[in-house]
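Please open the structure in your viewer and keep the selection panel at hand.

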Amino acid sequence: MPPIKILVVEDSPTMRQFICFALRRLPDVEISEASDGVEGLKKFNLENFNLVMVDINMPIMDGLKLLSLIRKGPLNSKIPVLVITTEGAQADRDRALSLGADGYLTKPTPGSIILKTVKRLLGIAD
Amino acid sequence: MERPEAEIPQVLDDRAEKEEERKVSQRAQEFLQNFKKGAEFTQELLRITEKLRYQVVRLEEENRDLRRAIQPETAIQDLERRIQELVREKEELLEKYSGIEQENQDFAQRYVEIEEENNNLANLYIASYQLHSTLDYREVLQIILEIVINLIGAEEFVLLLRDEKKDTLLVVAAEGISQDEIPPIAIGEGIIGKVAETGVNYIRKDFALPETTEINNPLVCIPLKIKEYVIGVIVLYRLLRQKTQFAEVDYELFTLLAGHAATAIFSSRLYSESERRLSTFRGFIDLLTR
């Protein structure tokens with residue numbers, strides 16, 4: 001079985017570490033980190049990921065822009081994208097989902113919820 | 001008329017013969033009678049035998065019936081005994097099942113508790129790790145902001161540090177509020193000043209948020225302390241809309257911030273100062289040695 005590859009695009013190092021800490025509970029996982037949308041897109045185009053996690057509010061390129069670019073790409077349009085953000089308004093959620101997000105989590109969220117959502121999106125039994 | 005003498009023996013013989021015949025006849029009759037009796041007796045014996053045979057057959061049938069009657073009874077008794085055993089066994093199994101179910105529930109509950117504890121520890125570990133990951137003062141302030149936004153879930157808050165010379169609190173970082181909105185706060189003045197003076201956390205009882213942010217009506221004040229000395233205060237005014245109440249871990253984070261954020265700020269300030277001094281000394285030495 002090849003390892004599960006996850007790309008975490010988040011500008012806050014604290015939050016990145018928090019997400020990675022939660023994801024490392026998955027068996028055989030490889031995590032790549034990016035601190036903004038542009039870096040995230042570069043990494044996304046270089047590797048085949050099983051899942052992408054994006055924050056909305058980021059410098060240079062925000063998460064929604066990155067999400068729409070991922071969905072426009074012909075090869076990677078089916079890859080699950082999980083948005084994790086401080087934006088808790090229904091309108092933000094709807095917007096992300098309409099752009100093709102497969103999951104939407106609002107901060108602060110426990111690591112166990114992140115893990116559970118990721119497992120659901122990857123089709124891994126809980 | 002007299003019979004001649006020669007006829008006399010003949011008569012005698014006849015008489016004897018007749019007598020003999022009579023005796024034989026009598027014996028025959030006796031024999032016949034005996035035979036009849038024997039026959040009757042035999043008939044009687046046959047009848048009795050027949051009766052006995054009949055009785056034997058009847059008894060055998062009765063016996064069979066009884067056996068038949070007795071056997072199911074025993075079988076029923078056996079079955080009843082078995083049923084009782086099974087009922088007992090079932091009760092034992094149910095008891096065991098109930099015990100295991102209870103144990104399972106306990107484990108599930110324990111799992112949830114451990115999971116929660118794990119989450120909390122992860123939060124605290126990461127917060128602590130990040131706070132001590134740098135000696136750059138600006139970075140430390142940024143990390144504090146990140147912790148308060150991402151791990152606590154605050155939308156509007158400020159970080160004030162103590163100005164030793166003026167004994168006031170000055171804003172050094174803010175999120176969701178303009179730094180200009182917060183004037184210097186004297187130690188002991190208002191809720192924030194009191195927290196800086198006493199070093200005791202303040203959490204507003206009325207959790208409902210006011211329409212507009214009132215500077216002197218904070219939601220939470222966390223004193224940043226090194227031992228008992230307060231070097232600053234983190235003041236939370238508003239939480240993110242999805243954050244409706246504080247969780248257990250938030251109080252732990254308040255405690256962690258109170259100690260670790262203070263130490264991180266203090267260390268980074270000292271380091272920055274020493275770096276500055278070192279740079280000055282180096283410049284001075286360079287100047288002297290040229």
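The stops that follow each name a selection and describe what is found there.

**Before starting**

This is a predicted model, in which local features need pLDDT of at least 70, side-chain atom pairs count only at pLDDT 80 or more, and totals for chains, interfaces and linings use all residues. Residues are numbered from 1 along each chain as its sequence is written, chains are lettered from A and ligands numbered from 1 in the order in which they are written, and side-chain values use heavy atoms, with hydrogens and water left out.

**Stop 1: chain A**

Select chain A and colour by secondary structure. Five helices and five strands make up this chain; helices (H or I, at least four residues) and strands (E, at least two) are DSSP runs, numbered from the N terminus. Along the sequence their order is β-α-β-α-β-α-β-α-β-α. The radius of gyration of chain A is 13 Å, close to the 14 Å that the globule rule gives for 126 residues, so chain A is as compact as a globular protein of that length. Here the radius is taken over C-alpha atoms, and the rule is 2.2 Å times the number of residues to the power 0.38. Along the principal axes, the C-alpha atoms of chain A fill a box of roughly 35 × 30 × 25 Å.

Of the 126 residues of chain A, 52% count as buried. Buried means under 20% relative accessible area, exposed over 50%, and partly exposed in between (1.4 Å probe, protein chains only).

**Stop 2: the end of strand E5 in chain A**

Now select Thr106(A), which belongs to strand E5 (residues 103-106) of chain A. Is this residue buried or exposed? With a relative accessibility of 17%, Thr106(A) counts as buried. Leaving aside residues up to four places away in sequence, Thr106(A) touches Thr85(A), Glu87(A), Gly88(A), Arg93(A) and Gln242(B); a contact means heavy atoms within 4.5 Å.

Proceed to Lys107(A) and Pro108(A), which are joined by a cis peptide bond with omega of about -5°. Pro108(A) is located in the loop between E5 and helix H5 (111-122) of chain A.

**Stop 3: chain B**

Select chain B and zoom out. The secondary structure of chain B comprises four helices and six strands, arranged from the N terminus as α-α-β-β-β-α-β-β-β-α. The radius of gyration of chain B is 63 Å, well over the 19 Å that the globule rule gives for 290 residues, so chain B is more spread out than a compact globule. A box of roughly 215 × 55 × 30 Å, taken along the principal axes, holds the C-alpha atoms of chain B.

Of the 290 residues of chain B, 30% count as buried. Among contacts in chain B between residues at least 6 apart in sequence, 58% join residues at least 24 apart.

**Stop 4: an aromatic cluster with members from both chains**

Display Phe21(A), Tyr125(B) and Tyr129(B), which form one aromatic cluster. Over all chains, the structure holds six aromatic pairs. The ring centres of Tyr125(B) and Tyr129(B) are 5.8 Å apart and their planes stand at 40°, so the pair is tilted.

Tyr125(B) is partly exposed at 41% relative accessible area, and Tyr129(B) is partly exposed at 45%.

**Stop 5**

Select Lys225(B) in strand E5 (residues 220-226) of chain B. Lys225(B) has a relative accessible area of 22% and is partly exposed. What does Lys225(B) touch, not counting residues up to four places away in sequence? Its partners are Gly199(B), Val230(B), Ala258(B), Gly259(B) and Ala262(B). Lys225(B) and Ala262(B) are 37 residues apart in sequence, with their C-alpha atoms 5.6 Å apart in space.

Next, select Lys227(B), in the loop between E5 and strand E6 (229-239) of chain B. Lys227(B) is not a glycine, yet has a positive phi of about 55°. At 78% relative accessibility, Lys227(B) counts as exposed.

**Stop 6: a loop between strands E1 and E2 of chain B**

Finally, select Asp167(B), in the loop between strand E1 (154-163) and strand E2 (168-175) of chain B. Asp167(B) has a positive phi of about 55° although it is not a glycine, and counts as partly exposed at 36% relative accessibility.

Definitions and conventions:
Rings of Phe, Tyr and Trp (its six-membered ring) pair if their centres lie within 6.5 Å; planes under 30 degrees apart count as stacked, over 60 as edge-to-face and the rest as tilted.
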